[in-house]
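Hi everyone, thanks for coming. Could you put the structure up on the screen, please? Then we can walk through the chains together.

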Amino acid sequence: MQNPFEGAKGFAVTLGQIFRKPITQQYPEYKRPVYPRFRGRHRLHRHENGLEKCVGCSLCAAACPSDCIRVVAAENSPGNRVSPGERYARIYEINLSRCIFCGYCELACPFDAITLGNEFELSEYSRDDLIYTKDMLLRPPTKTMPVADRDLYDTPDPVWKRES
Amino acid sequence: MSAPPEQVTITIDDRSVSVPKGTGLVESALQAGIEIPVFCYEPRLGPPLGACRMCLVEIEGLPKLQAACTLSAQDGMVVRTSATSAQAADGQEGVLEFILLNHPLDCPDCDKGGECPLQDLTLRYGPGTSRMVVQKRTFDKPIPISPLIALDRERCILCYRCTRFSEQVAEDGQLVALNRGASSIIATFEDEPYRAHFSGNVIDLCPVGALTSTVYRFRARPWEIQNVPTVCAMCPVGCNVWATTREGKVARVLARNHPEVDGGWLCDKGRFAHDHLRAADRLTEPIRRIRMRGLVAVPWEEALDAADEGLRAAGASVCVAFSGGETVEQADALSRLVRQGLGADVALLPDDPDPALDAFRAPLAAIRSANVCLVVGDEPVLERAPIVDLWLRAARRGGAEVVTVGPAGAIAAPPGSAAAICAALAASSPPEELRELARDLREADRVALVWSGDDDTGGRHLAGLAAALELGEGSGAYFLPRTPNGRGVAQAWRAAGDGRGIDPSGDEALGALIVSGDEALRDTRVVALADRARFVLTTAMFMNEAAGQSHVILPGTGYLERDGTVVNLEGRSQRLRRTVEPPGWDELAFFAQLARRFGVDVDPWTRAGVDELAALPARSGTAPVVAAPAARGPQRAAGAGGDFELVRYRALFSGAAVERVPQLAFQRPAAEVELPGGDASRLHIATGERVVLRSGEVSRELAARVNRRLAPGVARVAEEHADGLADSVRIEKA
Amino acid sequence: MAPRHVVFELAESADVTRLSDYERAGGYESLRKALAMEPAQVIEELLASGLRGRGGAGFPMGRKASFLPKPDQTPKPIYLAVNADESEPGTFKDREIMLRVPHQVIEGILISSYAIQARAAFVYIRGEYLTEYEVLRTALEEALDRGLVGANILGSGYSVTIVLHRGAGAYICGEETGLLESLEGKRGQPRTKPPFPAIAGLYAAPTLINNVETLATVPRILALGGENYAKLGVENSSGTRVFSLSGNVARPGNYELELGMSLRDLIVGIGGGVPGGRQLKAVIPGGSSTPVLTADELDTRLDFDSMARAGTMLGSGAVIVIDDRCCMVQLALRVAQFYRHESCGKCTPCREGTRWMVEIIRRIEQGAAGQGELDLLLNVCDRILGRCLCPLGDAAAMPVASYVAKFRSEFQRHIDEGGCPFRGTSSLEGVLAPVDEHHARARARIEVPA
């Protein structure tokens, strides 16, 4: 035996919600701010004098659990000074299709040269395009993501932001 | 045999261990499974130095901490390392703190980072933080002390391993310490570049990143590499090495201690010449000579067809020229193709060591413990088999009598007289100047005989002398072949057939010539044969050498790209391991396929079965009954009116591989002629002056270098600077 | 008690630098006496005398000589090395001995060589001692002409060669194994012991090494007789010593005294005390490497055991008197600078530790040091002490540690007041070594062919 009002109760709920503001977020038109410590696409950093912070030590590659970083180092010369130390990264590639965004590379880096940014929109039509080269990582990201106000969270500024 | 050494029992960290009397404390502790950390201690470099103080331990009954490396085990000794003694732990932490005071923390930059004893020991024994607030000592860096080695004085912890190697092992005396106290630095003597055959070993020895290889510099980090155990096939010694590869390329070669063969040392050719694998003119595809079109790259199958066709047309008129660098398996495949498949029976072998020598086998390490060492022949041992030179030096340091007899020997002998010397020494009444030596040889317990000459019959003469001296256990006769695997190639050729004809003399046309390898292409006899051959099949690594007269050229492989067996000068079979992939088929695969077309079944795979650290096979055969060899030297042209006998030697730093490594260019022999002191002053020639060497129509202008050890009337030139000169030359000032 | 002279006895009334004068005063009689004895008897005589080495360590000479193998026990020749590399700051006794009684030194060398049957004796003389070298050389030539040195000495059948070798200015070559390395033509760096020089010394042959004063005493011991010599001085410290008195004292100089007198006797009685009415602050009793004594400890007696009880050493007998004008931090800095400069660079604690010590003391003197750095300095000293290859590290750490221990409040004031409380009036002001420029810069690049 079915209570005829049962169905009406259901409709009442629907009716009640229909005039409320929907909580669905219209991505990509609307981009919800990510947490300040969200780990997205990597960035490589430079010193203020323009030299790259990365010296090509490969510690990030050693720390990487998914083995997606490849570094080939070379020696700085007076005519071609790329980093402050003796060596620099001639090739620095991250295969973002393999990256699990664990942030170990950031932790391993002795010079705070690599950090994980906020960008998460990393889809491409080809896998090859997901191999980010040094130039791409050094450039500021083309897409920017809104970030939630740091003050809302008990989150200290990352070192690289404090220093450079 | 002497009685086994007395055993003593000592207690280390409450663990009791029994070791032979005289064993060092560091080794004794290791036997008990306890580590005593060290930096400067390295037994191969001679007596302990006790400089770094890292090995401080507490010994019961002694008030102060003691350096364990300088002490040996005494019965009843009670030793406490940092594991159980707070005093020793403080001592080691203190030493590390002192070492790190001035050591820059540029580990991310440093090539040693990740495989650095200082990093490891700091982690285990060192202080967590630094208490030093003042400036660190700074130096210019890096300083290239040679094109191969970069020196970083900031990182140097002054363990004096490198200078001790230079002074006490290689005895080149080129690395020195300057200044004193906190400003002590390592430098080269008079700031000259470090040019020596064994310079690269100081890189291995350095416990920090102060001495680094410029070739390997920044190429890889320790966690990105694979180390493949293999054997160096650059000279007949066959040093055991690690080949370090990264991303499928050889990045460096390191010594891998085989105590019987190399003692953990490696010459610069073995260490640095690996970059020839990536030379610009390296062949990667088969090439075929096509009428009107010249040399054209073709697929492997087509090359196989062309080789098949060319060899079939030649019938049995085929000659094969070996390089001596092939593996036994390659030589076997080629020999069986030629002897069994084609029915031909002619080969040019680079070396032909006498099987009689097998009765006098001994490990190279036996040289060190010999009482008397005799070196005969015209070629410097250092250039032919460099590690043998180190063993001879070790023997001399140990008090052995090391006598060289030859044009530059302590006992002067004319060029090409090595056989006669052997005969004379074996005879019952040797001539006056050899009498003392002959007596010493007969009276000595342990004798090492070394033949370092170009005479193919040398093995027989040497074996004759060895038989006459009745060499027993602990003594050895070492014939130094020209080529890395000359001994193995000759064995393989013999095994493949009934052992007839070797020397292709005569001048009739040849059906086909198979040239195996780049070194064979440089042999003038091979070039002459190629002129007579209707079809020339060549395997070569490099285009320059191969182009000339070949009809089909197959890309060859380097020794680091091969799997197989090589036989070194001791007669020891050692396993070559493929460390990186060759660009195409290797020779063994190609010749196995080719052989199958001629009905010979050759296994294209290398049989496994030779151990990494192969033991020297037991002495085989009985002592040969060799009559005293006839006093006959190698075929030297009779004096053609010249006033100097010309001795040519093959420099170690020569050949196709070395030429393709720019960093090794400075090691190649200078364009100079060595002249004896007396003759030089008679002709008023001083070192550095230009002189002209003439024989017939040929003349060469070279710089003179006065060598007072040369016998009068002898001039010595590296082979590559003696092109076209006869055995007898006139020399005058330019 | 009138000072009894032994070493300088013959030189007291006459100039004995010439051979004829020396012989007239009774010189070379002991040599004749020794040559008439068996070598072992000579060593017995030395043992009986209780003569302890005068170089600094104070090891009994007779015992050291008896450690050497006899000529029939070793296939190698036996050598005597004479340490005339007097470089300890404050010490200037050997130069006076060589200048005034050169023949007595040679006679001592000959007797000692005979006792150990040495085939050659090598005199390693400090490079800066040019006059002393000339005097010794002249004396040696005279002795050679007279047949006292060389083959078949005085017809005894014993032959020995004496070689004079001038050093090139390294303190460390006064350390016995460093001296041997330098004699062999190598870098002057100490060797690790064992093997001791008595077994494998110069050219890996058994070698006896003795100080000039020790050897100059030997002929007098034979003249007096070992037993008689032993009656001089006090127990365990027999005989006399030449003390080099210097510093803030009225009458500095070399004084030969019987062992066992008190420091006060020497400084106040003989030396005339501190001049100008100033207060005595401290005394360095045995050369710069020995721990300091304060004014309260002036009654310490000058013999080996009393000094050891006071926590210091008789060392090389260089007594340096320091008055109240001297800043002890500056003294520590000067001493540390000396040892940093003279460290040979072989073993880690000495090479790095001496440099660090200098830097810390400099910061204290400049008032840049923090509160913890005094303890850090003591800890650095601790980590050098007893952990080095040779005694140089100890020689650097011991005195500095003693300055801090005994004058801690003065060090503390430097830190608290942010600078030197003497405000430029210290007597050591301006005599500190500048920061050595060559410590900072490496040599030029090595040119390498392309």
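Chain B has 20 helices and 33 strands, where helices (H or I, at least four residues) and strands (E, at least two) are DSSP runs, numbered from the N terminus. Its radius of gyration is 28 Å, close to the 27 Å that the globule rule gives for 734 residues, so chain B is as compact as a globular protein of that length. That radius is taken over C-alpha atoms, and the globule rule is 2.2 Å times the number of residues to the power 0.38.

Before I go on, a word on what you are seeing: this is a predicted model, in which local features need pLDDT of at least 70, side-chain atom pairs count only at pLDDT 80 or more, and totals for chains, interfaces and linings use all residues. Residues are numbered from 1 along each chain as its sequence is written, while chains are lettered from A and ligands numbered from 1 in the order in which they are written.

Back to chain B. Its C-alpha atoms fill a box of roughly 85 × 65 × 55 Å along the principal axes. How many of its 734 residues count as buried? The figure is 55%. Buried here means that 20 or more other C-beta atoms lie within 10 Å of the residue's own, with C-beta atoms placed from the backbone (exposed is 12 or fewer, partly exposed is in between).

Now, chain A. Here we find 5 helices and 5 strands, and from the N terminus on they run α-β-α-β-β-α-β-β-α-α. The radius of gyration of chain A is 23 Å, well over the 15 Å that the globule rule gives for 164 residues, so this chain is more spread out than a compact globule. The box for the C-alpha atoms of chain A is roughly 85 × 35 × 25 Å along the principal axes, and 24% of its residues count as buried.

Which chains touch with the most contacts? Of the 2 pairs that touch, it is chains B and C; a contact means that the C-beta atoms of two residues, placed from the backbone, lie within 7 Å. Chain B brings 42 residues to this contact and chain C brings 32. On the chain B side, H2(B) gives the largest share, 6 residues. By class, that side has 25 nonpolar, 10 polar and 7 charged residues. Ala, Val, Leu, Ile, Met, Phe, Trp, Tyr, Cys and Pro count as nonpolar, Asp, Glu, Lys and Arg as charged, and the others, Gly among them, as polar.

Finally, chains A and C do not touch, and their nearest C-alpha atoms are 15 Å apart.
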